[in-house]
Amino acid sequence: MALIMWTSALSVKVKKFDDQHKKLVDMVNDLHEAMKVGKGKEVMGKVLDNLIQYTATHFKDEELLMKQHNFPDFDRHKKEHDQLVSQVLAVQKQFHSSSLPISSSVMEFLKNWLAKHIQGDDAKYGPFFNSKGIV
């Protein structure tokens with residue numbers, strides 16, 4: 001069973017970002033599945049590294065469009081991104097420097113943050129971008 005399911009409630013009404021969010025949801029679910037079935041540290045580490053790399057790319061895409069269109073809440077939104085990157089890099093560092101696997105509490109953090117960020121913070125830019133003709 002997936003940790004997080006994509007539903008229309010997660011849509012920000014911008015196709016590019018919905019597609020990227022779907023990919024992030026899939027990657028979090030892949031990491032969760034690897035954790036549940038006891039995949040080796042190497043496999044889990046690779047999935048975690050890919051998730052972090054893709055998240056950074058996604059954040060850059062959002063931030064670039066926000067800057068291009070003078071999104072009024074850019075600074076606060078970027079701060080949210082920076083905080084998550086910092087938190088996830090700490091998880092990655094801990095994972096790679098210890099023999100401990102990724103825990104269910106880490107997975108809950110990722111799930112809750114992703115859903116909260118998309119439904120709360122990202123949902124705010126949907127109408128803004130839509131008003132600029134970006135769908």
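Modeller: Let us begin with burial: a residue is called buried when its relative accessible area is under 20%, exposed when that area is over 50%, and partly exposed in between. Please note that this is a predicted model.

Biologist: Where is Leu48 found, and is Leu48 buried or exposed?

Modeller: Leu48 is found in helix H2. With a relative accessible area of 1%, Leu48 is therefore classed as buried.

Biologist: Which residues does Leu48 touch, not counting those up to four places away in sequence?

Modeller: With those residues set aside, Leu48 touches Leu31, Gln92, Phe95 and Ile102. Gln92 lies in helix H3 and counts as buried, because its relative accessibility is 17%. Beyond its own neighbours within four places in sequence, Gln92 is in contact with Leu48, Asp49 and Ile52.

Biologist: How many residues separate Leu48 and Lys79 in sequence, and what is the C-alpha to C-alpha separation in space?

Modeller: Leu48 and Lys79 are 31 residues apart in sequence, and their C-alpha atoms are 22 Å apart in space.

Biologist: How should I read a nonpolar core?

Modeller: In soluble globular proteins, nonpolar side chains tend to be buried together. In this model the largest nonpolar core has 39 residues, and those that touch the most other members are Val28, Leu31, Ile102, Met107, Leu110 and Phe129. Two or more residues of this core come from each of H1, H2, H3 and H4. H4 provides the largest share, 10 residues.

Biologist: With which residues is Met107 in contact, leaving aside neighbours within four places in sequence?

Modeller: Met107 is then in contact with Leu3, Val28, Leu31, His32, Met35 and Ile102.

Biologist: What of the empty space in the model?

Modeller: Rolling a probe the size of a water molecule over the atoms shows where empty space is left. Here the largest pocket has a volume of about 200 Å³. Its lining comprises 19 residues, and the closest to the pocket centre are Leu51, Thr55, Leu84, Val88 and Trp113.

Biologist: Which helices each supply at least two residues of that lining, and how is the lining divided by class?

Modeller: The helices are H1 (15-36), H2 (41-68), H3 (74-97) and H4 (104-131). By class, 14 lining residues are nonpolar, four are polar and one is charged.

Biologist: How should I read pairs of charged side chains?

Modeller: Side chains of opposite charge can pair when their charged atoms come close. A search of the whole structure finds eight salt bridges. In one of them, the side chains of Lys15 and Asp19 meet at 2.6 Å, N to O. Both residues lie in helix H1, four residues apart, about one turn of the helix. Lys15 counts as exposed because its relative accessibility is 52%, whereas Asp19, with a relative accessible area of 34%, is partly exposed.

Biologist: Which residue forms a salt bridge with Lys36?

Modeller: The partner of Lys36 is Glu33, and their closest N and O atoms are 3.5 Å apart. Lys36 and Glu33 are three residues apart in helix H1, so about one helical turn separates them. Lys36 is partly exposed, at a relative accessible area of 42%, and Glu33 is also partly exposed, at 35%.

Biologist: Where do Lys111 and Glu108 lie, and how many residues apart are they?

Modeller: Lys111 and Glu108 are three residues apart in helix H4, and so about one helical turn lies between them. Their side chains meet in a salt bridge at 3.6 Å, N to O. Lys111 counts as partly exposed at 22% relative accessibility, as does Glu108 at 34%.

Biologist: Which residues are linked in a network of salt bridges?

Modeller: The network links Glu63, Lys78 and Asp82.

Biologist: Finally, how should I read the backbone angle phi?

Modeller: Most residues other than glycine have a negative phi. Lys13 is not a glycine, yet its phi is positive, about 65°. Lys13 is found in the segment before H1. Asn70, too, is a residue other than glycine with a positive phi, near 55°.

Biologist: Where is Asn70 placed, and is Asn70 buried or exposed?

Modeller: Asn70 is in the loop between H2 and H3. Its relative accessibility is 64%, and Asn70 therefore counts as exposed.

Technical notes. Residues are numbered from 1 along each chain as its sequence is written. This is a predicted model: local features need pLDDT of at least 70, side-chain atom pairs count only at pLDDT 80 or more; totals for chains, interfaces and linings use all residues. Side-chain values use heavy atoms; hydrogens and water are left out. On a 1 Å grid over the protein atoms alone, a cavity is a set of points where a 1.4 Å probe fits but cannot get out, and a pocket is an open set with protein on both sides within 12 Å along at least five of seven lines; lining residues have an atom within 4 Å of a point. Grid points are joined across faces, edges and corners, and a volume is the space filled by probe spheres set on the points. Ala, Val, Leu, Ile, Met, Phe, Trp, Tyr, Cys and Pro count as nonpolar, Asp, Glu, Lys and Arg as charged, and the others, Gly among them, as polar. A nonpolar core is a set of buried Ala, Val, Leu, Ile, Met, Phe, Trp, Tyr and Cys residues joined through side-chain atoms within 4.5 Å. Buried means under 20% relative accessible area, exposed over 50%, partly exposed in between (1.4 Å probe, protein chains only). Contact means heavy atoms within 4.5 Å. A salt bridge is a side-chain nitrogen of Lys or Arg within 4 Å of a carboxyl oxygen of Asp or Glu.
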